[in-house]
Amino acid sequence: MNPITYRPKTWNQVVGQDRAIRLLQTLLSHGRLLPRGFIFEGSYGTGKTSTAYLTARALMCLTPGSTGCGTCASCQVIDSEGIEGQNVHDFKEIDAAQNSGVEQARLIAAPDGWGEAPPSIARRRVTVIDEAHRLSMNAWDVYLKPLEQSIDYSAYIFVTNESQSIPSTISSRCVRVRFGRVSEEDILGLLTATAARDKVPYETDALALIAHRSAGAPRVAMKYFGQVASTGRITVDFVEALVEDTLENKVLALWEAILTKNQKTMTAITQDITGTNTVAVLIEKLCTTYSQAIREPKTELDKAIRVCYHDVPATTSFFLKWMAVPALPADAALLFTFELMMASNKVWNKPTPKVETDAAEELFT
Ligand SMILES: [Zn+2]
């Protein structure tokens with residue numbers, strides 16, 4: 001079996017992005033006064049590009065106020081050939097990672113560029129710019145011009161996973177649509193439906209493990225699904241063998257080991273992480289999971305981590321001892337202590353969290 005690519009073809013196939021889809025459908029069905037620029041932002045594999053294609057199909061649709069009628073000349077050619085088909089004349093996709101310069105931008109968005117010409121059959125001409133954060137400043141200047149003008153027959157969709165790199169002059173003129181990480185539950189639903197559809201035998205725990213290791217990205221989950229499914233059945237053993245856990249999950253497991261004083265597991269996980277990452281990466285991840293747990297505790301583990309916040313001096317002395325394990329150099333201990341203090345200071349003005357996990361509290365008394 002070939003690895004399966006997650007590429008939704010209809011609005012309701014986009015998994016776990018209900019808010020983004022609702023926003024777009026509302027905008028598109030009102031039809032009039034649509035903005036010319038859209039920014040689709042969010043992490044890898046969460047459905048941005050697929051949704052950009054669906055949005056383009058809707059913007060191109062000849063039926064007024066439709067999110068893609070499926071019957072007009074524009075929808076029909078897209079539905080039979082795919083949006084990148086050679087007879088789809090009013091759609092273009094630019095990869096800014098390959099074409100970041102001003103020349104390519106002019107070919108599209110200058111007054112005599114492709115994107116600014118009237119459409120040949122569709123309602124609008126649509127350009128999707130992938131990896132938009134890679135565009136040069138001069139290229140952005142070229143795109144700024146059309147965004148300032150109210151021409152209704154052309155639109156631009158900028159897709160990015162680094163929205164902070166997009167100039168504010170651009171983002172203030174676009175509708176920004178955020179694509180969050182998808183919940184494990186939603187991803188598990190997608191995997192279960194796919195396994196049933198393709199008649200792949202599976203263990204439920206194995207699908208849950210794939211969902212857990214896919215970092216909130218349905219596309220990543222489907223790639224893993226395809227890899228494991230090529231063995232003929234999806235078992236926990238095969239997932240363990242074929243799918244690497246995410247760094248974030250490993251760091252959370254490390255926190256769990258820290259809080260249960262399991263020195264052996266702590267050392268094993270630390271050595272595993274620092275085998276492929278620098279110590280600085282590990283420390284950075286420890287700090288981000290730490291401050292996330294304090295700001296927005298969601299799980300029992302988060303609540304336990306909050307105990308560290310409760311007593312910073314005890315926590316840092318504990319870390320100093322732990323950092324003496326062979327896997328980490330001593331200077332990392334100082335750096336981490338400093339970072340931990342900084343993280344604590346950032347949340348210091350919040351009310352003191354209540355200690356909810358007795359077992360963890362015991363560690364620092
Ligand atoms: Zn249509």
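On a 1 Å grid over the protein atoms alone, a cavity is a set of points where a 1.4 Å probe fits but cannot get out. This is a predicted model: local features need pLDDT of at least 70, side-chain atom pairs count only at pLDDT 80 or more, and totals for chains, interfaces and linings use all residues. Residues are numbered from 1 along each chain as its sequence is written, and side-chain values use heavy atoms, without hydrogens and water.

Q: How many cavities of 30 Å³ or more are there?
A: The count is 1. The largest cavity holds about 30 Å³ of space. Such a volume is the space filled by probe spheres set on the points, which are joined across faces, edges and corners.

Q: What makes a residue part of the lining of the largest cavity?
A: A lining residue has an atom within 4 Å of a point. M60, S74, V77, I78, N87, V88, H89, D90, I121 and A122 line the largest cavity. Helix 3 (residues 73-81) gives the most, with 3 residues. Helices here are DSSP runs (H or I, at least four residues), numbered from the N terminus.

Q: Which classes make up the lining of the largest cavity?
A: It has 6 nonpolar, 3 polar and 1 charged residues. Ala, Val, Leu, Ile, Met, Phe, Trp, Tyr, Cys and Pro count as nonpolar, Asp, Glu, Lys and Arg as charged, and the others, Gly among them, as polar. D90 is the charged one, because Asp counts as charged.

Q: What makes a pocket, and what is the volume of the largest pocket?
A: A pocket is an open set with protein on both sides within 12 Å along at least five of seven lines. The largest pocket has a volume of about 910 Å³. Of its 24 lining residues, R181, E248, L252, Q292 and K298 are the closest to its centre. The lining has 8 nonpolar, 9 polar and 7 charged residues.

Conventions
Helix = DSSP H or I, 4+ residues; strand = E, 2+ residues; numbered from the N terminus.
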